[in-house]
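Welcome! Have a look at it first, and then we can go through a few places together.

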Amino acid sequence: MVSRLVLVLGDQLSHDLSALRAGDRARDLVVMAEVMDEGSYVPHHPKKIALVLSAMRHFADELRADGWQVAYTRLDDAGASRSIVGELMRRGEAHGTSEVIATQPGEWRLIEALEAAPLTVTQLPDDRFICSLEEFDAWAEGRRELRMEYFYREMRRKTGFLMEDGKPAAGKWNFDHDNRKPARVDMLRARPMRFAPDAITKEVLDLVADRFGGNFGDLRPFWFGVTAAQAKRALDHFARELLAGFGDYQDAMLAGDRFLHHSVLSPYLNIGLLTPWEICTRVVEEWTAGRVPINAAEGYVRQVIGWREYMRGLYFREGPGYVRRNALGHGRALPAMYWGAPTKMNCVSQAIEQTQKESYAHHIQRLMVTGNFALLAGIDPAEVHEWYLSVYADAFEWVEAPNVIGMSQFADGGIVASKPYVSSGNYIAKMSDYCASCAYSVKAKTGDLACPFNLLYWDFLVRHRDRFGRNPRMGPIYRTWDRMDAERHHAVRDGAAAVLARLDAGDEV
Ligand code: DLZ
Ligand code: SF4
């Protein structure tokens, strides 16, 4: 006899999940379900689907070994329904209960589905985060501006990470200024740890190839870890081999090196195989032992306890309508190159090719290449949001939407970012080796060879002058434009119009 169902979703694979803590091994039944609705609400990258499904199957085995009864639905099970709620109802009917304990999902869509279900569902807070939603709201309440930096300092104080006698370690809160170095190709640089697929993963890979083989993205080779033990090994490897250079090179991009010093731990963290405490404890340990510089440890800890938690707080604070915001009124369709069609822009081509192969690109590729281009070209932010949610293995809406709608596309009108993250080709030229082998010239500001980022940058600023012209941080940029002569103005705007017309016609850019 089962008294309640305990729901565990594909990104809730943590043994100390609030729903599991509230459940009773002796009387409750854990429900885990591979369902088509979750596999297809956006066209997920096949690697992302395989990661989630294989990690779910491994986690279910761990729960059984830990004494839980688990009702696990495989995607190809006969008689299974399409949705999480459908599976809860089916299991409930079979076991004579309509009571469900869940941990609040990371997406409004599912929260609302659970609320509307004809079941008695208790949604417990997801406390696998440093900051609770109540705590975030209390921090945000009454502030004119929500600045990540101040939130981050609160989280440093709360956790004690990199704190000495109540003060920030090494005398400063933030060492970002040191973290902007370009990088050189280094054949000896370590790579993120790779894992060979075991029998469970191999079975999942066949299933995903069969059901989702038409989605954008390469399924194989598949090398992600799929258990907490593997994720821990990947963390340890990162801390020992790569962390030291993480700070210096975190914004660098190289055609021949997809990962540089990035940890690629976000897919594990965001499905629950690692906790923020575990990661930060390990990173701080390396700094305390004198093995990594402060700018590396601080930069990494800031991403985890600062930025990531701040994104989550905002997503839930802003409500379900956030993903539909479009403050700049952008409506252009997402160009086919985002789904792998050819482009002559080497930076975009490199970022998208590695996205296709790895289901991963690092933050500057996402923000300053694909995100920057979409914003400059005036792409509909809802389409941009859906693309990022689809293609990245670490993308779940609570973290992806504020990064894309807010930070990258300025579609929330300035809640996350105080000014739009736009740049000409100069930034990409400085931080990468992409421009050297590009069909365009980053030095050319006008003319047929001009880098499209150079043309679209000014065109964007002029189009949106009403909104940004009075922003004190953007004044100098507009003054630079005003100093250019009329001929240059025409050449830039005509060049930009030609690029946009090619995009609209579906021609290669
Ligand atoms: C992303 C994903 C995929 C592809 N498949 C499943 C699934 O079959 N079953 C499941 O429980 N969860 C899956 N997920 C993760 C959910 O989409 C995720 O829990 C919600 O989007 C909330 O973040
Ligand atoms: Fe990208 Fe422009 Fe550089 Fe080409 S020249 S790689 S389009 S920034």
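Which residues surround ligand 2? They are Met 345, Cys 347, Gly 425, Ile 428, Tyr 434, Cys 435, Cys 438, Tyr 440, Val 442 and Cys 451. Please keep in mind that this is a predicted model.

**Around ligand 2**
- By class, the shell around ligand 2 has nine nonpolar residues, one polar residue and no charged ones.

- Helix H7 covers residues 148-159 and helix H13 covers residues 294-318; their axes lie 9 Å apart, at an angle of about 110°.
- Angles of 65 to 115 degrees count as roughly perpendicular, so H7 and H13 are roughly perpendicular to each other.
- On the H7 side, the contact is made by Met 148, Glu 149, Phe 151, Tyr 152, Met 155, Arg 156 and Thr 159.
- H13 contributes Glu 298, Arg 302, Ile 305, Gly 306, Trp 307, Glu 309 and Tyr 310 to this contact.
- Seven nonpolar, two polar and five charged residues make up the contact of H7 with H13.

- In soluble globular proteins, nonpolar side chains tend to be buried together.
- The largest nonpolar core here has 157 residues, and Met 32, Tyr 268 and Tyr 310 touch the most other members.
- H13 supplies the largest share of this core, with 13 residues.
- Beyond its neighbours within four places in sequence, Tyr 310 is in contact with Phe 136, Trp 139, Leu 146, Arg 147, Met 148, Phe 151, Ile 415 and Val 416.
- There is also a second, separate core of 18 residues, including Leu 7, Ala 71, Leu 88 and Leu 110.

Key
Residues numbered from 1 in each chain as written. Chains lettered and ligands numbered in written order. Predicted model: local features only at pLDDT ≥ 70, side-chain atom pairs only at ≥ 80, totals over all residues. Heavy atoms only, no water. Axes fitted to C-alpha atoms, helices over the stretch in contact; angles between N-to-C directions. Helix = DSSP H or I, 4+ residues; strand = E, 2+ residues; numbered from the N terminus. Parallel < 35°, antiparallel > 145°, perpendicular 65-115°, else oblique. Contact = heavy atoms within 4.5 Å. Nonpolar A, V, L, I, M, F, W, Y, C, P; charged D, E, K, R; others polar. Core = buried A, V, L, I, M, F, W, Y, C linked by side-chain atoms within 4.5 Å. Buried < 20%, exposed > 50% of the residue type's maximum accessible area, 1.4 Å probe, protein only. Near = heavy atom within 4 Å.
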